[in-house]
Amino acid sequence: MSDNMHHQWLLLAACFWVIFMFMVASKFITLTFKDPDGYGAKQEPLILTAVTKVEEVHVPEEKRWPEEFQPTGKAFSGNLIRQPLVHMERLELLRNVCRDTALRDLSHTAVSKFVLDRIFVCDKHKILFCQTPKVGNTQWKKVLIVLNGAFSSIEEIPENIVHDHEKNGLPRLSSFSDSEIKKRLDLYFKFFIVRDPFERLISAFKDKFVHNPRFEPWYRHEIAPGIIRKYRRNRTETKGLQFEDFVRYLGDPNHRWLDVQFGDHIIHWVTYVELCAPCEITYSVIGHHETLEDDAPYILKAAGIDHLVSYPTIPPGITVYNKTKVERYFSGISKRDIRRLYARFEGDFKLFGYQEPDFLLN
């Protein structure tokens, strides 16, 4: 009986020991797999590293959106996340080229009255717009005319008023005192639009010397004859101004003596540097004609005026770079003349990220 009881107690003790060990093992398993200092902690640095890399790619620390680009304090919506980076990259490229001493003569200019005459002012919304003809500037003028209160909508503005600077209600920056100019340059939202430099020259040539839709007779009757007399090689040619004549004039290092005679009409074909002084004036945004469908609403949003006015409807395909057209216009022009033209406009190509044309590389 005594031995039997002893065996029962040993068996019961063994059972309790097994149960105890199972409880300890269960606790150990729970702690091992659920403790944040266990596997979770080992995985955490990997997760953090991945997140950090994504942030570095999409929102670099040195490219945080500057305060001056948000004058109204309005935040950008989620669908515009990519747009600020595109524009920041453009501004970074501009700054880098501006610092390139080898291109200094092609990228820098004085902020003269000629430049200040190109910049239109909207005091009501603290906006400065630098005019760069042949890149859709007429539509931007309409936007500013509405913002300045001269007309209540873009549709109401007569076409003959848009470019009549005595009636369109758009003051030029040059009309202010030096201190007022400086204040606006320091504080206002500033932008302008660019386009492939060679395609812009083709547009200027067609608009002023071929079609001339606004009936500006001085281009054909005064400027064209002046260019022909100086730059036409075939003196027996009796046609009006040809694109070859135009290219030769623009690429001549001594073109300025004719520019002086032509006055402000040259704004349609001088460089963006000469028009807007982008290395001297800190612009908030530089739009591209080729991406205007995205850039126009972005500019309105960045300036805080997207709830007040819309950019006019852009006809399909009108802003697309037409490589075939550019090559056709330059096909009959000597490489020497094209290289001289590129040498003058190289600053515009480099500052705004346009590629040197293929027909110059062949």
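Q: How many disulfides does the rule count here?
A: A disulfide is a pair of cysteine sulfur atoms within 2.5 Å. By this rule the count comes to two disulfides. The model is a predicted one, in which local features need pLDDT of at least 70 and side-chain atom pairs count only at pLDDT 80 or more, while totals for chains, interfaces and linings use all residues. Residues are numbered from 1 along each chain as its sequence is written, and side-chain values use heavy atoms, with hydrogens and water left out.

Q: Which cysteines form a disulfide with sulfur atoms 1.9 Å apart, and where in the chain do they lie?
A: Helices (H or I, at least four residues) and strands (E, at least two) are DSSP runs, numbered from the N terminus. The sulfur atoms 1.9 Å apart belong to Cys-98 and Cys-279. Cys-98 is in helix α3 (residues 82-98), and Cys-279 is in the loop between α13 (272-276) and β4, so this pair links distant parts of the chain, 181 residues apart. The torsion about the S-S bond of Cys-98 and Cys-279 is about -85 degrees, so this disulfide is left-handed.

Q: Which cysteines form the disulfide with sulfur atoms 2.0 Å apart?
A: That disulfide is formed by Cys-130 and Cys-276. The link of Cys-130 and Cys-276 is left-handed, with -95 degrees about the S-S bond. Because Cys-130 lies in strand β2 and Cys-276 in helix α13, the pair ties together parts that are 146 residues apart in sequence. Numbering the bonded cysteines in sequence order gives the pairing 1-4, 2-3.

Q: Are Cys-98 and Cys-279 buried or exposed?
A: Buried means under 20% relative accessible area, exposed over 50%, and partly exposed in between (1.4 Å probe, protein chains only). Both Cys-98 and Cys-279 are buried. Both Cys-130 and Cys-276 are buried as well. Cys-122 is also buried, with a relative accessible area of 0%.

Q: In what order do the strands form the sheet?
A: Two strands pair if DSSP finds at least two bridges between them. Here four strands form an open sheet in the order β1-β2-β3-β4, with mixed pairing. The edge strands, β1 (119-122) and β4 (285-288), each pair on one side only. From one strand to the next the twist averages 20 degrees. β1 pairs with β2 (residues 127-130) in the antiparallel sense over four bridges, and the bridge partner of Cys-122 in β2 is Ile-127.

Q: Which strands does helix α6 lie across?
A: Contact means heavy atoms within 4.5 Å. Axes are lines fitted to C-alpha atoms, for helices over the stretch in contact, and angles run from 0 to 180 degrees between N-to-C directions. Helix α6 (residues 137-147) lies across β1, β2 and β3 (189-194), running at about 160 degrees to β2. Helix α14 (residues 292-302) packs on the sheet and touches β3 and β4, with its direction at about 155 degrees to that of β4.

Q: How many residues are in the largest nonpolar core?
A: In soluble globular proteins, nonpolar side chains tend to be buried together. A nonpolar core is a set of buried Ala, Val, Leu, Ile, Met, Phe, Trp, Tyr and Cys residues joined through side-chain atoms within 4.5 Å. The largest one has 93 residues, and those with the most contacts inside it are Trp-140, Phe-198, Phe-246, Tyr-249, Trp-269 and Phe-330. Not counting residues up to four places away in sequence, Phe-198 touches several residues, including Val-326, Phe-330 and Leu-341.
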